[in-house]
Amino acid sequence: MKYIIGSRGSRLALIQTKYVQEKLAKAYPEHSFEIEVIKTKGDKIQNKPLDKIGGKGLFVKEIEEKIISGEIHMGVHSMKDMPSTPAKGLVFTKSWKREDPRDVLILRTASNLSDLRKGAVIGTGSKRRAFQLLKQRPDLKIVNIRGNVDTRLRKMEEQELDGIILAAAGLKRLGMQDVITQYLEPEEMISAPAQGVLALEVREDQKELQQMLDVFSDEETMNEVCAERNFLEQMGGSCHTPAGARCQKTNDGYRLDAMFGNEDGNKQAYTKVYGTDPEALAKTAVKNIKKQLEGIVYLIGAGPGDPELITVKGKEILKKADCVIYDRLIPQELLDETKAGCECIYVGKENYHHTMKQEQINELLAEKALQYDIVVRLKGGDPFVFGRGGEEAIYLANQEIHCEVIPGISSCIAAAELAGIPVTHRGISKGFRVVTAHDRRNQLSDLNFASMAKSEETLVFLMGLTKLEEITTNLLKKGMNENTPVAVISNAASAKQKTCTATLNMIQEKADQEKLSSPAVIVVGDVVKLQKEIQKPEDTTWHLVTKVGDQPSKLAQLLKDHGYKIKEFQTGEISYKKNLISKEELAKVTYLIFTSRYGVHGFMKQMKAANLDLRNLYDKKIVVVGEKTKDVLMEYGIVADLMPKEAGEVHLCKLMKQEVNKDDVIWYCKGISGGEILKETLESVCQIKEKIMYENKKVIFDVHLQIKDIKSISFTCASSVRRFFDQIKKEEIKEWIENIPCISIGEKTTKQLKKVGVKHILEAKDTTYLSMFDKIKESML
């Protein structure tokens with residue numbers, strides 16, 4: 001029979017395949033063995049690191065497809081390039097004796113690693129090699145280099161690299177061991193799992209061919225590969241995470257050296273274990289590595305929807321998190337609390353659509369716990385109340401990963417409370433019963449409706465809006481009074497919260513009329529009657545607050561604190577300029593003028609960049625436009641020398657015109673636009689120079705609100721006025737400017753509102769948030 005062997009077309013791949021071909025041809029002369037060259041994705045893309053184009057499997061997929069289709073009978077690969085398990089329907093045969101598994105250095109001039117010059121440049125396409133090399137020599141510079149052996153050697157000469165790292169096995173198979181400068185032992189470099197071993201891959205049903213290949217198996221190599229590959233599989237290694245494993249025979253059994261790290265290499269762990277059982281060796285090595293690497297996973301309940309209803313402890317941990325894995329109903333405001341660089345991963349679940357299966361989420365938590373110090377699993381409500389947090393905690397415990405639970409406010413009580421319904425009340429309800437309304441198949445849960453119908457407790461159904469009719473029908477069938485009060489609270493603790501109440505026999509019709517949406521909580525019982533005594537009618541209107549920058553607005557917070565429903569719109573973001581100042585230039589300045597907090601922050605950034613501090617300002621007079629800018633200066637320990645009695649550019653001009661003379665040098669620290677009046681007023685009486693510290697860049701946003709739902713819009717700068725009304729549809733702009741009260745912080749903003757055509761403008765008495773708040777209250781009269 002003619003057997004076709006698939007191989008990549010590189011010189012090394014063909015040498016390896018010809019070696020297999022010759023061994024088989026000699027052992028089985030009754031058969032013929034032919035090589036077919038197959039080009040893989042890894043061969044086609046040579047200008048990118050492996051982890052950027054797919055990693056393991058890059059050099060095998062096309063070959064595997066031909067084996068499965070029957071076009072070829074087997075494939076010859078390097079085992080280190082293979083995923084931990086072969087493709088479905090394929091198997092690896094028993095391992096043949098391995099070639100030298102060590103990594104080696106090829107150096108242009110130096111004789112070994114320690115002799116390399118400081119800052120020497122080494123080429124490799126492997127994170128595993130790079131991180132281990134830097135562990136020994138942090139001064140080295142590592143550059144990415146890919147291609148076959150000849151290509152890498154050529155690149156080393158052309159790019160004048162000091163050296164490259166390659167596998168000894170490939171060089172020896174090519175007969176090029178003479179180019180090796182230094183062999184790296186496991187103490188210096190732990191090689192890739194199964195390096196130097198050939199992977200012979202065939203179809204699972206080709207039993208006869210498997211037996212033919214297994215004749216050449218080597219027990220020692222098989223044990224080594226078993227330990228190394230088991231370690232890799234249990235660690236979940238890929239080309240994105242550097243992993244090394246080298247098993248060697250000893251007098252008493254085997255020794256396994258292993259390493260594992262995260263993607264950027266700032267966390268690495270190493271271990272060395274001894275034993276006789278390869279699988280037990282791998283298991284022990286994994287346990288040791290995980291103990292060194294593992295961070296802590298916090299299962300945090302985010303509360304029922306309002307970002308302010310998370311616990312203090314939960315919010316503090318969230319701010320420290322390196323990675324956050326979050327659910328569908330987590331508000332963006334909580335994600336905004338995370339620090340710069342925090343990896344945020346969405347794993348939300350909706351009806352009929354799961355971003356990830358629960359098993360995958362469990363594995364992701366364990367994977368990230370090895371990559372980061374603090375991992376947060378952020379779940380709506382409470383982690384253990386129908387949140388599957390218990391399953392995640394058990395999985396992490398089995399993986400020996402430390403997990404801590406931070407409880408959250410569950411919607412089972414919060415939704416009712418926020419709608420003005422106490423779930424228990426003396427003389428009415430002695431307790432409450434909480435159930436989920438649907439099972440894992442999205443069918444109505446198998447609930448004891450007979451017990452519920454006769455209960456004197458409040459009944460709370462979670463995730464039950466689509467099952468409302470079935471719930472009410474079953475309760476009525478089991479004898480519950482049709483006049484029992486029922487409330488359905490939709491989108492509890494959010495801006496879209498809406499509640500409808502009716503009797504048991506009418507609630508479905510009422511909910512349909514109100515067009516309620518999920519998520520919703522259903523409350524059944526006489527406590528619903530108390531809502532009229534406790535809760536004022538729900539206010540469904542909004543106060544809009546525009547802002548520059550992504551930080552929460554202080555005005556918005558002030559409104560929230562007084563019970564107003566607000567929605568923030570970011571109209572701009574601040575980009576600080578790199579207009580560096582010098583000590584010599586600053587020494588000539590007599591006055592510094594600041595008219596915004598951004599000007600202050602920008603100036604201080606420039607001071608720091610120029611290696612200057614407050615001592616360089618000892619002889620300058622500091623001028624501010626108003627109280628807010630004055631307060632920001634105080635944060636830096638600077639007290640303003642001058643401030644007009646009334647805030648605003650016009651009053652600042654009058655003050656400065658009386659203060660300065662022609663010899664004074666003024667720096668006006670400002671944004672890229674605005675401030676023309678100040679400059680025009682002062683340039684005839686002194687030397688004024690505009691120092692551009694920042695730019696207020698436009699941010700695109702959507703206004704998905706109807707006019708009837710808006711009470712007021714607040715503006716703290718003229719640019720926000722322009723940008724906000726630019727987002728309103730042309731056919732709606734007239735209705736907006738004629739009907740919505742607009743709150744202005746000062747004269748410039750008011751001028752811009754008039755320019756747009758706004759009819760109802762309320763200007764704050766002074767440029768403070770409290771003064772704006774007073775005007776908002778006035779707009780409601």
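Q: Which residues is Glu228 in contact with, leaving aside its neighbours within four places in sequence?
A: Glu228 is in contact with Arg98, Ala192, Pro193, Ala194, Gln195, Ala245, Arg246, Cys247 and Leu256. Glu228 itself sits in helix H9, residues 219-235. Please keep in mind that this is a predicted model.

Q: Why is Glu228 called buried?
A: Its relative accessible area is 0%, and buried means under 20%, so Glu228 is buried.

Q: How many disulfides does a search of the whole structure find?
A: The search finds zero disulfides. Take Cys344: the nearest cysteine sulfur, that of Cys342, is 4.3 Å away, whereas a disulfide needs the two sulfur atoms within 2.5 Å. Cys344 is therefore in no disulfide. For Cys686, the nearest cysteine sulfur belongs to Cys653 and is 11 Å away, so Cys686 is in no disulfide either.

Q: What makes Cys344 partly exposed?
A: The relative accessible area of Cys344 is 35%. Buried would need under 20% and exposed over 50%, so Cys344 falls in between and counts as partly exposed.

Q: Why are H13 and H14 called oblique to each other?
A: Helix H13 (residues 358-371) and helix H14 (residues 389-398) pack at an angle of about 45°, with their axes 10 Å apart. Roughly parallel would need an angle under 35 degrees, and roughly perpendicular runs from 65 to 115; H13 and H14 are therefore oblique. Their crossing is right-handed.

Q: Which residues make the contact of H13 and H14?
A: H13 brings Gln358, Ile361, Asn362, Glu363, Leu365 and Ala366, while H14 brings Glu391, Glu392, Tyr395 and Leu396. These residues divide into five nonpolar, two polar and three charged.

Q: Where do H17 and H18 meet?
A: Leu468, Glu469 and Thr472 of H17 meet Ile507, Gln508 and Ala511 of H18. The residues of this contact divide into three nonpolar, two polar and one charged.

Technical notes: Residues numbered from 1 in each chain as written. Predicted model: local features only at pLDDT ≥ 70, side-chain atom pairs only at ≥ 80, totals over all residues. Heavy atoms only, no water. Helix = DSSP H or I, 4+ residues; strand = E, 2+ residues; numbered from the N terminus. Buried < 20%, exposed > 50% of the residue type's maximum accessible area, 1.4 Å probe, protein only. Contact = heavy atoms within 4.5 Å. Axes fitted to C-alpha atoms, helices over the stretch in contact; angles between N-to-C directions. Parallel < 35°, antiparallel > 145°, perpendicular 65-115°, else oblique. Left-handed = near helix turned anticlockwise from the far one by under 90°. Nonpolar A, V, L, I, M, F, W, Y, C, P; charged D, E, K, R; others polar.
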